[in-house]
Amino acid sequence: MNLKVEQIDFQTFKGLEYEWNLLLSKSPSCSVFLDFDWLLLWWENFNEQGYSFYTFTLRTDNKELIAILPLYLNKNTLMFLGTGGQEFDEVCSEYLDIIYDPKHKKHITLAISSILRHSLQKNLEFDLHNYLSGSLISQVIETYQREYWCNTKLCGLRYIVSLPKQNSSYLESLSTSFVKKINRAKNKFYKKLEGELTKINDQNEINLALETLQKLHNKRWNGKGVQGAFSSLRFLKFHQKFSACKANKSQLQLWIFKASNQPIAALYAFDMFSIRYFYQCGIDDSFKPNLSPGSLMHFIAIEDAINNNLTNYDFMKGDINSSYKSNFAPKLVKMFHTKIIKKSFLNSFRMFVWKIKHFKRPLSR
């Protein structure tokens, strides 16, 4: 099978929306973080001096798009689109991979391996974040283990809940004590406190709801002496644009929970590929009486996802050792971060420094 491999620039990328999302919808790697809108807005908002678009498309003889390798070059380092930049405004793109038609997996794997090997021979290095165990990129990386300096670090776990057809079936999968805790919180929220859940769909209300999410999120983390994700103006602007885009496509789930007429929690998620992707939340931990608003919020969101015939509720990346997400009976999938460079004496020292630096980095989202 002859494949046409083309390195595309950003202008060419902007014209690929239909083909990109069509291929993504049938790719085993499909996720919100490989969605055309996500990557387009990421490049427009986070592209910096020293960055170069370095994405490849693979087509058949009849010009059918069958694979995309979504990378960019940060000086001399190849990274997935959607990753890198400053830690305080990192959007935490996850499940990054090659987008591909599984019917042509064998030929695509060989072609991608050749592309990346050629890049390594040009003394470029790879810094690949947040890819899943079993992904196509993980299989390609395995072929470089002996030929190049290659260090792979477990960086977290994907927590994803398989949803049954009925809420009653989901309840049976949970511990009795957790179900009792949630039922007490639901009764207190809806009956005693006359709780209210508002789903934001109107374009004019999105930014106001995001401001509520921002305040709740930052208040909680600032109280722990940590800078919240929404402290970055670039981060906030990115999500204002992306949430508006997803609302237009009926894919946005932006919820505000109120009790005693005050916001106590906010949930920010997306419904795509029959999956509800939970991205971020804000919680008022100081609200009394205690409602366990975080657990309550997720439980209601999972019930709603089941009622809307979704197949999974994806909590995304969580800590390796412990996470509240484990209460919701998830499947766990390992996530990795890999550094690959050409073998040389100097690079062996650089790889050692990289290992030390990332050994100390916390394994949480």
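Trainee: At its relative accessibility, does C92 count as buried, partly exposed or exposed?

Mentor: Relative accessible area, taken with a 1.4 Å probe on protein chains only, sorts residues into buried (under 20%), exposed (over 50%) and partly exposed in between. Because its relative accessibility is 26%, C92 counts as partly exposed. Please keep in mind that this is a predicted model, in which local features need pLDDT of at least 70 and side-chain atom pairs count only at pLDDT 80 or more, while totals for chains, interfaces and linings use all residues. Residues are numbered from 1 along each chain as its sequence is written, and side-chain values use heavy atoms, with hydrogens and water left out.

Trainee: Where does C92 lie, and what is its phi?

Mentor: Helices (H or I, at least four residues) and strands (E, at least two) are DSSP runs numbered from the N terminus. C92 lies in the loop between strand 6 (77-80) and strand 7 (99-100), and its phi is near 60 degrees, a positive value in a residue other than glycine. E194, which is not a glycine either, has a positive phi of about 50 degrees, and is found in the loop between helix 7 (176-192) and strand 10 (196-200). With 66% relative accessibility, E194 counts as exposed.

Trainee: Why is helix 3 described as largely enclosed by the rest of the structure?

Mentor: Helix 3 (residues 36-46) has 10 of its 11 residues buried, so it is largely enclosed by the rest of the structure. Among these buried residues are W38, W42 and F46, and the elements they pack against, with contact meaning heavy atoms within 4.5 Å, include helix 1 (10-14), helix 9 (233-248) and strand 13 (275-283).

Trainee: Which residues have the most contacts inside the largest nonpolar core?

Mentor: In soluble globular proteins, nonpolar side chains tend to be buried together. A nonpolar core is a set of buried Ala, Val, Leu, Ile, Met, Phe, Trp, Tyr and Cys residues joined through side-chain atoms within 4.5 Å. Here the largest such core has 86 residues, and those with the most contacts inside it are F13, W42, I112, L116, Y268 and Y279. Helix 3 supplies the largest share of this core, 8 residues. Apart from this core lies another, of 36 residues, among them Y170, I182, F189 and I300.

Trainee: Is the peptide bond from K288 to P289 cis or trans?

Mentor: The bond from K288 to P289 is cis, with omega near 0 degrees, and P289 is found in the loop between strand 13 and helix 10 (293-307).
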